[in-house]
Amino acid sequence: MSYPESAPARRPAAVLSAATVLLVMAVAALAYAVVDLVVLGGTVDAFRSAARDTSASPEQIDDVVTLLRASAVLSAVVAALSAPLLAGLALGLLACRNGVRVATWVVSGFGLLTGCCSVAVVVGQRAAPLQLGSGDQALAELLGLIGDAYPSWWIPLNAGLSVAQGLGYLVVATLLALPAANSWFGRHRPTPTAPQIFTPAPHQPPSAPPAPPYPHR
């Protein structure tokens, strides 16, 4: 006799919202990586044009340009790599994998810390510009030109994205800790099976040895 299978539990809104936020952040990370590389060319040209009016040597200008390009490429690579990670976490949450939920909490904590540090760096650079010694006056002039070489909307956009990133990770971590999410992940958690206990066979007395054959007469 067969019994009808129970209908699968519906995903709670908290899990769907957390996965949606992660997918939006993944798309935003890819867009940021593309825009970062597109803006880089114009930023380098604007920096070189402004650097000609300083006392820096061509070698110093080239060194700062190399630093500028390396930082932009590194940021784009990190953003591009984070996109599939966030998308994978979103799909794992929709598949009700409790291990993915734990991994999402870890990534959210790291991402929230990174976002706070990025905002602090941007604010610190604006509030207290880098001060160098008198012997490094040319380098100080070059570093001061980097912010102006970017488009006027680029630095506010980075600050806004850093804040949005931190808030996004905070929202995801909070949604996954709600009772509805705990109940749903706990319901799909595999229950451990009890180990099989082998019952020893009852003791049987040894059988009597066979009777010896009758001697031949």
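I take buried to mean under 20% relative accessible area, exposed over 50%, and partly exposed in between, with a 1.4 Å probe and protein chains only as cover. Helices (H or I, at least four residues) and strands (E, at least two) are DSSP runs, numbered from the N terminus.

**Entry 1: ground rules**

I am working on a predicted model, where local features need pLDDT of at least 70, side-chain atom pairs count only at pLDDT 80 or more, and totals for chains, interfaces and linings use all residues. Residues are numbered from 1 along each chain as its sequence is written, and side-chain values use heavy atoms, with hydrogens and water left out.

**Entry 2: the whole chain**

I looked up the elements and found six helices and zero strands. From the N terminus they read α-α-α-α-α-α. Of the 217 residues, 27% count as buried. I then turned to contacts (heavy atoms within 4.5 Å). Among those with a separation of 6 or more, 85% are between residues 24 or more positions apart. The accessible surface of the chain is about 14700 Å², and 67% of that belongs to carbon and sulfur atoms. Areas here come from the Shrake-Rupley method with a 1.4 Å probe, and for residues only the protein chains shown count as cover.

**Entry 3: helix 4**

Which residues of helix 4 are buried? I find Ala138, Leu142, Leu145, Ile146 and Ala149. Down the axis of helix 4, these buried residues fall within an arc of 120°, so they line one face of the helix. The arc is that of the directions from the helix axis to the C-beta atoms. What do the buried residues of helix 4 pack against? Their partners are helix 1 (13-51) and helix 2 (58-94).

I also checked the length of helix 4 (residues 137-149). Its 13 residues should span 18 Å at 1.5 Å a residue, and the end C-alpha atoms are 19 Å apart, which agrees. The expected span is 1.5 Å times one less than the number of residues.

Leucine 68 lies in helix 2 and is buried, with a relative accessible area of 4%. Leaving out residues up to four places away in sequence, leucine 68 touches Leu40, Thr43, Val44, Ile146 and Tyr150.

Next I followed alanine 46, which lies in helix 1 and is partly exposed at 32% relative accessibility. How far apart are alanine 46 and alanine 149 in space, C-alpha to C-alpha? They are 5.2 Å apart, although 103 residues apart in sequence.

**Entry 4: the salt bridge**

I searched for salt bridges (a side-chain nitrogen of Lys or Arg within 4 Å of a carboxyl oxygen of Asp or Glu). The count comes to one. The side chains of aspartate 62 and arginine 48 meet in it, at 3.1 Å from N to O. Aspartate 62 lies in helix 2 and arginine 48 in helix 1, so the pair ties together parts that are 14 residues apart in sequence. Aspartate 62 is partly exposed at 36%, and arginine 48 is partly exposed at 29%.

Most residues other than glycine have a negative phi. Cysteine 96 sits in the loop between helix 2 and helix 3 (98-127) and counts as buried, at 11% relative accessibility.

Helix 5 has 23 residues and reaches 33 Å from its first C-alpha to its last, close to the 33 Å expected. Its buried residues include Trp154, Asn158, Ser162, Gly166 and Gly168.

Leucine 161 is also in helix 5 (residues 154-176), but is partly exposed at 34%. Together, Val35, Trp153, Leu157 and Leu161 make a nonpolar surface patch of about 320 Å². Patches are made of residues with over 30% relative accessible area and no salt bridge, joining like charges within 9 Å and nonpolar side chains (Val, Leu, Ile, Met, Phe, Trp, Tyr) within 5 Å.

**Entry 5: helix 6**

I finished with helix 6 (residues 179-187), where Ala181, Trp184 and Phe185 are buried. Seen down the axis of helix 6, they fall within an arc of 95°, so they line one face of the helix. Pro179 and Arg187 are exposed on the other side.
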